[in-house]
Amino acid sequence: YAQLRVEAVDHTGRPLDITPVISGEAAQERWLLPGTYTIEVPQIVTLGADARAVFERWEGATGGNTGTVVLRENTVVRAVYSRQYRVAVILAPAGTNYDTWVRAGDVYSPPISRYVTVGEGARWALKDVAVNGVSQGATERPQIRINGPTEIKAVWAKEYLIAVDCGEVRCIDGQSRVERWVEEGSVAQFRLDQIVPAGERVRWRLDGNPVVEIKTTEPYTVRPRYIKQYLLRIGYIVKTAQGEAERRAVREEWVDTGSQYTVDISLFKPVEAQGIRYMNTGLVVDGASTPATFTVTAPHDVYIVWNKEYLVEVETPIGSASGGGWYLAGSYATVSIDQPVRGFLIKDRFEGWVDQNGNTYKNATITIQVNQPMRLTATWAKDYTEAAALGVGVSASGLLGWRRKEVTRVINTLTRRREVKEELEVQPYAVVEIRVREEDKTAVRTVEKGKK
């Protein structure tokens, strides 16, 4: 006879308390004649509520938990079991809870995802994984070594997709659409760019608060309102008779597209000076004549057009002159005296024009280019030619001229014996010499200045 003994151990070598069946009899050991015998052990051995041993293999025998052994001598056969612990995996509400058995000492990785979609714009987000109540962090598919009964619990938070969609406007950090998953009940905050460049002299302006705050209760898309603006360049153009003399941009202004813009012409008038003025002749937008109020549809160049004018002043101490007034700079003014010779016998004769710079012009009618404010003054001289000629060859006669209250009177003395009954207060224009004919041998009489 030979002894056949059956022992049970787990995979770590720890003994298990079981009662095997040897050749149909429950016993730990038996004495049997040499031969082939059947041995049997339980497939699963319960070790407690959350622990068990599961048959794996024989050492010294073959087969499953019901095996065969060839007995030739004293033999010890071992049934090797896998010690296992219950692992409870709690995935609700994002998933389905389940239990599993894991071999002691093995590493178990539960199928926990970082996110679980539950509908359009909604999901569960993993916040933590707790192993037997101890936080392991929000690790997707964590690696957990099992050394006893284990509870693995996933902690979730509901999140909603909150989006900011600005259409064609790159409103947040150069992006036109920004999406953010936000935990339910929390406040989502976005900061929008108030001004977004969109090209040369084109930009977008935010119509509203740049800070957007949303209490998260569901998926939500914010669509901020942006208004396109164009840069207006506003200034003036000065024109002369020769055409455009000056173009100056005074200021720039951003204006909403489609709005009505009114130009305050008075704000864009060049500085006037003595004898210089500017007369408005209209408004041009992008080179085309336009009313003072127009619709903004693009970047516009807006210019108020002014005619530059100079004052021409014409003065004369005698008679009257024409041609004074305001003239377009660079144009021509025609100035004239109505009567260049005035008076009887002793005449006032026009000699010329003198401008403010001392330049002289001889003609009574002149045409001059107006390139600055001008003052033209007529100059006159006394002409005694006719009065002197009148006294030559007159026998026993004399000529004397007076001026009384701006009236010139001439008295011809035909004979010395004729008495002048009217005595006048006079002032001679000059020394007048009256001569009697040579053959009369009469003395020369001189009328001196200041005498009656």
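This is a predicted model: local features need pLDDT of at least 70, side-chain atom pairs count only at pLDDT 80 or more; totals for chains, interfaces and linings use all residues.
**Exercise 1.** Work out which residue the side chain of Glu 159 meets in a salt bridge, and at what N to O distance.

*Solution.* Start with the rule: a salt bridge is a side-chain nitrogen of Lys or Arg within 4 Å of a carboxyl oxygen of Asp or Glu. Glu 159 meets Lys 127 that way, at 3.5 Å, N to O. Strands here are DSSP runs of E, at least two residues, numbered from the N terminus. Now for the setting: Glu 159 is buried, with a relative accessible area of 7%, while Lys 127 is partly exposed at 37%. (Buried is under 20% relative accessible area, exposed over 50%, partly exposed in between; 1.4 Å probe, protein chains only.)

Residues are numbered from 1 along each chain as its sequence is written, and side-chain values use heavy atoms, leaving out hydrogens and water.

**Exercise 2.** Find the salt-bridge partner of Arg 277 and say which strands hold the pair.

*Solution.* The partner is Glu 309, with the closest N and O atoms 2.7 Å apart. Arg 277 lies in strand S27 (residues 276-285) and Glu 309 in strand S30, so the pair ties together parts 32 residues apart in sequence. Glu 309 is buried at 13%; Arg 277 is partly exposed at 25%.

Notes: Helices (H or I, at least four residues) and strands (E, at least two) are DSSP runs, numbered from the N terminus.
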